[in-house]
Amino acid sequence: MGILWTIIIGFIAGVIAKFIMPGDNEPSGFIMTTILGIVGAFVATYLGQALGWYGPDQGAGLIGAVVGAIIVLFVYGLFASRRTT
């Protein structure tokens, strides 16, 4: 049930992040949105544990996953804009 829950939270976080930070150079589609959210959750968990906000056995919640997904989307936008110019 844990992996299914991660996919659901990842999808919701990806949708919210794409709504907050829209753009032409963003990944689209159900799978890419879900991957964006899941990667964002991992980024938020890693940064939170590195900064001492989360313990070693804790993960980021929905808000942390959204923030992580926004960071991933921003970095993706930087690299995508470099490829087109």
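**Ground rules.** I number residues from 1 along each chain as its sequence is written, and I work with side-chain values from heavy atoms, with hydrogens and water left out. As the model is predicted, local features need pLDDT of at least 70 and side-chain atom pairs count only at pLDDT 80 or more, while totals for chains, interfaces and linings use all residues.

**Confidence.** I looked up pLDDT, the predictor's confidence in each residue, from 0 to 100. The chain has a mean of 78, and 85% of its residues reach 70 or more. Helix α1 (residues 2-20) has the lowest confidence, at a mean of 79, and α2 has the highest, at 82.

**Layout.** Helices (H or I, at least four residues) and strands (E, at least two) are taken as DSSP runs, numbered from the N terminus. Of the 85 residues, 29% are buried; buried means under 20% relative accessible area, exposed over 50%, and partly exposed in between (1.4 Å probe, protein chains only). I then checked contacts, meaning heavy atoms within 4.5 Å. Among those with a separation of 6 or more, 60% join residues 24 or more positions apart.

**Surface.** The chain exposes about 5700 Å², and carbon and sulfur atoms supply 73% of that. Accessible areas come from the Shrake-Rupley method with a 1.4 Å probe; for residues, only the protein chains shown count as cover.

**Helix α2.** The 22 residues should span 32 Å, and the end C-alpha atoms are 31 Å apart, which agrees. The buried residues of α2 are T33, T34, L36, G37, I38, G40, A41, A44, T45 and G48. After α2 comes G52, with a positive phi near 85°.

I38 has a relative accessible area of 17%, so I list I38 as buried. Leaving out residues up to four places away in sequence, I38 touches T6, I7 and G10. I also looked at I38 and A69, which are 31 residues apart along the chain; their C-alpha atoms are separated by 7.8 Å. T45 counts as buried because its relative accessibility is 16%. With the neighbours up to four places away again not counted, T45 touches Y54, Q58, G59 and A60.

Y46 lies in helix α2 and is exposed, with a relative accessible area of 59%. F74 is in helix α3 and, at 45% relative accessibility, counts as partly exposed. F74 and M21 are 53 residues apart along the chain, and I note 8.2 Å between their C-alpha atoms.

Conventions:
The expected span of a helix is 1.5 Å times one less than its number of residues.
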